[in-house]
Amino acid sequence: MSNSNHNAGADILLDIRGLKTYFHLDEGTVRAVDGVDFTVPRGTTIGIVGESGCGKSVTAFSILQLVEKPGRIEEGSIVLNTGGQNRVDIAALDHDSEELRQIRGKDIGMIFQEPMTSLSMMYTVGFQMTEAIRLHMDVEKDEARDRAIEMLQAVGIPRPEQRFDAYPFELSGGMRQRVMIAMALSCDPMLLIADEPTTALDVTTQAQILELMQQLQEEFGMAIMLITHDLGVVAEMCSEVVVMYLGEVVEQADVDTIFHNPQHPYTQALLESIPRLGHSHEGRLNPILGSVPDPYHRPSGCPFHPRCTQIITGRCETVHPEISRLDPRHTVRCLLHEDPHG
Amino acid sequence: MADTATPSAPAAGKEPLLRVEDLRKYFPIRQGFFGRSVTQVRAVDGVTFDVFPGETMAVVGESGCGKTTAGRCLVRAFEPTGGSILYRNRDGDEVALDTLDNKSLKPVRRELRMIFQDPFSSLNPRMTVMDIIGDPLRVHSIASGSELEDRVADMLLRVGLRPEYMRRYPHAFSGGQRQRIGIAKALILSPQLVVADEAVSALDVSVQAQILNLLQDLQAEFDLTYVFIAHDLSVVEYIANRVSVMYVGKMVETAATDELYHNPKHPYTEALLSAVPRPDPRERSQRIVLEGDVPDPAHPPSGCYFHPRCRYAQDMCATETPELRPIGEGHEVACHLAEDLDLRGITDLVPRD
């Protein structure tokens, strides 16, 4: 699972640069994703964390160009390196194109918080899975069926031959989540985007699903992009973490640095605000002041400044901080760490 | 600000404020043209616990375990099917909540309030904040006109909202602010007991901490007793003095928070504690991954409901239903094997370095 010292560039699966996704509404423009850069190394798990409204889900939807109107990718590139010199900029593709359809579901699979987002009530599990498999792989019906049952088995569904003919509503929440994962992985994607995959589940079911995702990663070697607000899940699962606030990446580092040496005041505050098992006697919780501002009234300067306890008065309100690189794998967007050479 | 985060367990010898004994709530499943009741969902099936004045008693469990149904029976939003709920009112008289008629229930309802999970659907979008919070005062004919307004304004200040916001509608507030409104509404009648059902689950982590601190401050300020229904064990450890764990309608373990977390006696409690993801990559725990799903309460397994998923189960577990029994100072457990098992608490689950 450890992925230290990977060579930059060579094993980068997905490279996102300057991504901007805006929603043009009557009330104004919501800059849901406002200049996001990060990379997903091959075969690792990267966590995208932040509170509601930070743009983590819109980032994920942008990667598959699934952002619905009035949302639109305004700028930026999302380069998928499918191997060798095979690079394709997803952001430049037409959202309806055949090429993009091949990427969705084949190279990149996606699972959601609510399994019924990607499953239809009207068709059996087997029908939906074989349809997806035959769309992306050149196989006969029987072969697709075998593949589907094999995947259902792989995600730990008991009696997969029988569940193949079940309708989603006949399954429990945890089972549906497994079916969705089986479906997302049935075409052997290189990247699995998981948007709050366990948020709606109970802790014991969550433990099952997290364990399953780790197992499947070892088995199939795909990269996982895990979008969540749960710092516990991030600490357990990820090797690298991207922290987002109001549409921007405020800090990115390996998981140990994020949890033990965070540099952005928001990351620090977020970690201090959560109750931790076994630490309840260490006094009161330290909440972050105020709440996430509404998207129409984005603060000027650094978007976190109204809630920041380390604000540099006179600067943070006006200057929008650039990204500073503290070490090769650790970047932070904060004036406290302004790059003197920048 | 620097008060004790977790007040110590209630002084021994105190009379309980609430005594719940063998509480049951069954929902009929109706089928066919005449709506004949074919079977029952035993949502709450024999729940027993006491709540002492001034404490926070948490009820935890996974979805479908009956914790919300139990909470709603306490405030009589549901009519219990069986068992008894004895409540000691302000005058010191013990009243049987489960049998009171609506008329005699009304004065008790002033002392027993509820906070709900979803700050978005539990507030009427067509009422102003003043109407929402002031409504209980009007219903119980306690205040009206400018007095009502003053009391609402005062309450808003105490929950950390500006009184100027009184004329606004719920949509103008964020999730955390709405939860503050819900809390203000629950507290405006100066209750004794507040049942908080997943009161912080729908909130962002940073806001969750604000609300947890607020609930603690208000508890100290107004001498409140909480029944805190939740699924998040980290939150519960932070706020509760005692914890009861429920599984498929039954209580499987009750103990003081520290005792339960460090010295669990029920295998389900052990598994729950191990499943909580720790926000520290150096504490990646060894999860105990339970097989299968929570059983359907309409068709629960035989014997101990947990036995099909229990890694310690023996033959007797499949046939005999364990009763909740004392196993130590203030510690009760419903497991045949409790004495013989050496279960792991939260400290043992974390590899120490």
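# Exposure, patch, cavities and salt bridges

Thr309(A) counts as exposed, at 68% relative accessibility (exposed is over 50%, buried under 20%, partly exposed in between, with a 1.4 Å probe and protein chains only). This is a predicted model, where local features need pLDDT of at least 70 and side-chain atom pairs count only at pLDDT 80 or more, while totals for chains, interfaces and linings use all residues. Residues are numbered from 1 along each chain as its sequence is written, chains are lettered from A and ligands numbered from 1 in the order written, and side-chain values use heavy atoms, without hydrogens and water.

**Thr309(A)**

- Thr309(A) sits in a loop of chain A, between helix 10 (265-273) and strand 11 (323-327) (DSSP runs: helices H or I of at least four residues, strands E of at least two).
- Ala194(A) is 115 residues from Thr309(A) in sequence. In space, the C-alpha atoms of Thr309(A) and Ala194(A) are 32 Å apart.

**Nonpolar surface patch**

- Chain A carries a nonpolar surface patch of about 650 Å² (residues with over 30% relative accessible area and no salt bridge, nonpolar side chains being joined within 5 Å and like charges within 9 Å).
- Met121(A), Met122(A), Tyr123(A), Phe127(A), Tyr167(A) and Phe169(A) make this patch.
- Phe169(A) lies in the loop between helix 5 (160-163) and helix 6 (173-185) of chain A.
- With a relative accessible area of 48%, Phe169(A) is partly exposed.

**Cavities**

- Six cavities of 30 Å³ or more are present in the structure (sets of points on a 1 Å grid where a 1.4 Å probe fits but cannot get out, with lining residues having an atom within 4 Å of a point).
- The largest cavity holds about 80 Å³ of space.
- Lining residues of the largest cavity are His264(A), Pro265(A), Cys302(A), Phe304(A), His305(A), Cys308(A), Gln310(A), Cys316(A), Pro321(A), Cys334(A), Leu335(A) and Leu336(A).
- That lining has nine nonpolar, three polar and no charged residues.
- The second largest cavity has a volume of about 60 Å³.
- Its lining consists of His266(B), Pro267(B), Cys304(B), Phe306(B), His307(B), Cys310(B), Cys317(B), Pro322(B), Cys335(B), His336(B) and Leu337(B).
- By class, the lining of the second largest cavity has eight nonpolar, three polar and no charged residues.

**Salt bridges**

- Over all chains, the structure holds 34 salt bridges (a side-chain nitrogen of Lys or Arg within 4 Å of a carboxyl oxygen of Asp or Glu).
- Arg17(A) pairs with Asp15(A) in a salt bridge, and their closest N and O atoms are 3.3 Å apart.
- Asp15(A) is partly exposed, at 22% relative accessibility.
- Arg17(A) is partly exposed, with a relative accessible area of 41%.
- Arg17(A) also forms a salt bridge with Asp37(A), where the closest N and O atoms are 3.9 Å apart. This pair links distant parts of the chain, 20 residues apart: Arg17(A) is in strand 1 (residues 12-25) and Asp37(A) in strand 2 (residues 28-41) of chain A.
- Asp37(A) has a relative accessible area of 24% and is partly exposed.
- In chain B, Arg138(B) and Asp131(B) meet through their side chains in a salt bridge (3.8 Å, N to O).
- Arg138(B) is partly exposed at 40% relative accessibility, and Asp131(B) is partly exposed with a relative accessible area of 25%.
- A network of salt bridges links Arg31(A), Asp34(A), Glu248(A), Arg298(A) and Arg333(A).

Definitions and conventions: Accessible areas come from the Shrake-Rupley method with a 1.4 Å probe; for residues, only the protein chains shown count as cover. On a 1 Å grid over the protein atoms alone, a cavity is a set of points where a 1.4 Å probe fits but cannot get out, and a pocket is an open set with protein on both sides within 12 Å along at least five of seven lines; lining residues have an atom within 4 Å of a point. Grid points are joined across faces, edges and corners, and a volume is the space filled by probe spheres set on the points. Ala, Val, Leu, Ile, Met, Phe, Trp, Tyr, Cys and Pro count as nonpolar, Asp, Glu, Lys and Arg as charged, and the others, Gly among them, as polar.
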